[in-house]
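Have the structure open as you read.

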Amino acid sequence: MKKFPQRTVTRAFMYLRALDSLIEEGKAYVSSGELAAMTALTDVQIRKDISVFGKAGKPRVGYDTRRLKQLLEEYVVQNVVHVVLFGVGNLGSAILRYPGFQEDKIKMVAAFDSDPNKVDKAINGISIYSLDKAKLLIQKKHVEIGVIAVPKQASQQIADLLVSCGIQGIVNFSPTTITVPKGIFVKNIDLAVEFLSLFWDMNAKKAPRYA
Ligand code: ATP
């Protein structure tokens with residue numbers, strides 16, 4: 001498989017999401033300008049990215065939505081990714097309810113929680129289990145990614161558990177760093193940090209410059 005920079009791959013997923021809604025609306029063609037408006041990227045960026053993936057555009061007509069979707073999928077979509085979630089609190093429940101996970105791409109297989117009041121229930125059809133069921137289920141369902149949404153004191157314990165179950169990709173929503181062995185991929189999403197760094201950027205732009 002051809003290797004692309006992570007940022008290009010992230011943008012490719014944004015184009016795919018936009019293309020899915022265009023196809024749903026019955027649009028056969030889309031211009032780079034329209035895609036730019038839908039993704040909040042520039043049309044120059046879009047043309048540059050798409051030319052890397054292959055030829056899908058016609059001058060003055062735009063990109064064939066289905067053809068472009070197919071092209072992007074050839075590069076960035078592999079098999080369905082199977083995901084489990086740990087910690088069915090406020091954030092974890094919201095993730096389980098999130099409608100943006102399309103079953104043909106991301107399959108939320110199960111959720112786990114240490115609170116006995118939360119287990120043996122289901123959210124959005126996804127069953128919640130006690131932690132002792134994790135290893136068997138993860139291996140039986142060929143889970144590739146684990147999501148951590150437990151409080152920060154418990155996140156390392158869950159990361160260790162995920163690694164011991166053979167999981168190689170972790171999305172960490174807990175507001176702390178986790179340590180994992182080499183070869184394990186981790187994406188840290190600390191919502192508070194995202195908000196504060198955006199606010200910092202906004203203020204840095206406004207701040208007066210001193211000579
Ligand atoms: P809630 O209001 O349901 O408590 P919250 O998001 O405020 O939600 P947190 O304290 O962040 O709660 O915990 C998130 C979830 O993680 C809770 O459902 C909790 O039971 C669960 N949890 C805590 N420790 C562990 C652990 N070690 N393993 C698995 N789940 C855990």
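## Around the ligand

The shell around the ligand splits into seven nonpolar, five polar and three charged residues. Keep in mind that this is a predicted model. In total, 15 residues surround the ligand, and the closest are Gly-89, Asn-90, Asp-113, Ser-114 and Lys-118. If you're wondering which element gives the largest share of that shell, look at helix 7 (residues 152–164), which supplies three residues.

Asp-113 puts a polar side-chain atom 2.6 Å from an oxygen atom of the ligand. Ser-114 comes in through its backbone instead: one of its polar backbone atoms is 3.3 Å from a ligand nitrogen. Gln-157 uses its side chain, with an N or O atom 3.3 Å from a nitrogen atom of the ligand. As for cover, the ligand has 610 Å² of accessible area on its own, and the protein covers 65% of that.

Three strands make up an open sheet, ordered 1-3-2, with antiparallel pairing.

Strand 1 pairs with strand 3 (residues 62–64) in the antiparallel sense, over two bridges. Which residue of strand 3 is the bridge partner of Val-30? That would be Tyr-63.

## Thr-65 in helix 4

Thr-65 belongs to helix 4, which covers residues 65–76. Is Thr-65 buried or exposed? It's buried: its relative accessible area is 1%, and the cut-off for that label is under 20%.

Who does it touch? Setting aside neighbours within four places in sequence, Thr-65 contacts Leu-19, Leu-22, Ile-23, Lys-27, Ala-28, Tyr-29 and Val-30. Val-30 is also the residue bridged to Tyr-63 in the sheet.

## Arg-11 in helix 1

Last stop: Arg-11, found in helix 1 (residues 6–24). Arg-11 has a relative accessible area of 16%. Because buried means under 20%, Arg-11 counts as buried. Not counting residues up to four places away in sequence, Arg-11 touches Leu-41, Gln-45 and Asp-49.

Key. Residues are numbered from 1 along each chain as its sequence is written. This is a predicted model: local features need pLDDT of at least 70, side-chain atom pairs count only at pLDDT 80 or more; totals for chains, interfaces and linings use all residues. Side-chain values use heavy atoms; hydrogens and water are left out. Helices (H or I, at least four residues) and strands (E, at least two) are DSSP runs, numbered from the N terminus. Buried means under 20% relative accessible area, exposed over 50%, partly exposed in between (1.4 Å probe, protein chains only). Contact means heavy atoms within 4.5 Å. Two strands pair if DSSP finds at least two bridges between them. A residue is near a molecule or strand if one of its heavy atoms lies within 4 Å of it. A polar contact is a pair of N or O atoms within 3.5 Å; within protein, one must be able to donate a hydrogen and the other to accept it, and residues adjacent in sequence count only if both atoms are side-chain atoms. Accessible areas come from the Shrake-Rupley method with a 1.4 Å probe; for residues, only the protein chains shown count as cover. Ala, Val, Leu, Ile, Met, Phe, Trp, Tyr, Cys and Pro count as nonpolar, Asp, Glu, Lys and Arg as charged, and the others, Gly among them, as polar.
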